[in-house]
Amino acid sequence: MNMHIEAVETLDRLDEIALDWDELYQADPSAHFYLSSGFMMAVAKRSQGKFRILIAWSEHHRCIGVLPLVVSLRWSKQHACLYNVLDMLGHVFDADYTGILCDPELEGPVCRAFASAIADTSFGRLILNYFSGPAQRLDAFANAFDTKVFERKKNQHLINDGQTDNLICPFIDLPESFAAYLAALSANARQKLKRLLRRLDDERSLKITRAQPETYAQDVKILSQLWYQKHAAQKGEKRAAELAALFQDAVMLGLAAGSVYLVILWQDDTPVAAQASYLDMVKRHMLFHVSGRDAAFRDISAGLALHAHSIRWAIANGMQRYDFTLGNEAYKYSLGGVDRHIYSEEIVTKTGINTGSTLDPSGQKDVLKIIRQFVRKGRTEDSQTVAQQALQTWPSLAPSGDVQSVIERARRS
């Protein structure tokens, strides 16, 4: 069939096509919250100049496919040159899942058209990590790349010393009542959960509160601090602080948009645990996203308490699925989780560098920045290599074709 692939790179254009995107989201049974227009708009705002969202339009100007990407530059030590990486927009930090939205009746043609459009650009690596959707959708896309030029590589995502597989994502299809949910658990799990919930109801020193507009700033800060306390040793204080700040911004945006459910567990006046989940009001899914807790608090299982509370809220509010998202930790099965598998792989050039001799045209400012960094570090040969790559992509940087002119321009910029 005839279709047109548009590369959207501005927020104004995203806003113009939001309704078309929403109609496709409603129609795609494999759609998930992290591919919704609202979520992606929030991510794109933090990735201006980097995001590239491919939209497939039918001959009747109907949106039939969406593939959100982000473009970056990397230095290849092996080949001593820059190359471009295409990644799934959002996955690096914001989104637990990535994927492709498709009209389910046009899955193959749309995915092949996306692959063809990407293959015509300059890149060396395409990362498809945490791909959530039908395996045939991923295959239709990945298999459309020329095997003489590209190859597929599968990735694993094991954490906790290999004990947890982040490509297994347990979920619960929720019944109509919390009593029915409890009845479906094993006898041991049911009794454990009932005792836990009774303690929360009976002990005045323990309570769970939901973030309200007047407490958003305070509660998001609590979540961020508790997450930092839990992860600072493992990730390093600087990196953990950066991630905690990003979580804080993302959760605050989600609360303002009505797409985040944030709860805090308190012991007297002290917050001891917090959990934020995304709410997909179209698919009626609740997706666990981030939590933090005080390791010194051991009176009850704080994580289990917040999940149980959130599941109870989800059922009471007509949600149809509770998604634990990444990782097959044991506690998820005690709460009734059932396995769902997602995928991670890459499509790379066999040469290890960009197709063609140019860089992606979006990266001019980044290339000049890299030249400045190389000059500052005394990497003369590397700065000249990058300047030559810049000239091949943007001849106007030095109409004379002089590499040194590009380096001087980078220094001044």
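Strand E1 (residues 3–8) runs antiparallel to strand E2, and six bridges join the two. Two strands count as paired if DSSP finds at least two bridges between them. Strands (E, at least two residues) and helices (H or I, at least four) are DSSP runs, numbered from the N terminus.

This is a predicted model: local features need pLDDT of at least 70, side-chain atom pairs count only at pLDDT 80 or more, and totals for chains, interfaces and linings use all residues. Residues are numbered from 1 along each chain as its sequence is written, and side-chain values use heavy atoms, with hydrogens and water left out.

**Strand E2 and its partners**

- Isoleucine 5 has alanine 56 of E2 as its bridge partner.
- E2 also pairs with strand E3 (residues 63–76), in the antiparallel sense, over seven bridges.
- Leucine 54 stands opposite leucine 67 in E3.
- The hairpin of E2 and E3 has four residues between the strands. There, histidine 61 takes a positive phi near 60°.

**Burial of E2**

- Buried means under 20% relative accessible area, exposed means over 50%, and partly exposed lies in between (1.4 Å probe, protein chains only).
- Eight of the eight residues of E2 (residues 51–58) are buried, so the strand is largely enclosed by the rest of the structure.
- In a regular strand the side chains alternate between the two faces of the sheet.
- Both faces of E2 are covered. Phe51, Ile53, Ile55 and Trp57 are buried on one side. Arg52, Leu54, Ala56 and Ser58 are buried on the other.

**Salt bridges**

- A salt bridge is a side-chain nitrogen of Lys or Arg within 4 Å of a carboxyl oxygen of Asp or Glu. By this rule the count comes to 19 salt bridges.
- Arginine 137 and glutamate 107 form one of them, at 2.7 Å from N to O. Arginine 137 lies in helix H5 (residues 135–142) and glutamate 107 in helix H4 (residues 107–119), so the pair ties together parts that are 30 residues apart in sequence. Both residues, arginine 137 and glutamate 107, are buried.
- Glutamate 203 meets arginine 199 at 2.6 Å, N to O. Glutamate 203 is partly exposed, at 27% relative accessible area. Arginine 199 is partly exposed too, at 30%.
- Arginine 379 bridges to aspartate 382, with the closest N and O atoms 3.0 Å apart. Arginine 379 is partly exposed, at 29%, whereas aspartate 382 is buried, at 18%.
- Asp139, Arg152, Lys154 and Glu345 are linked in a network of salt bridges.
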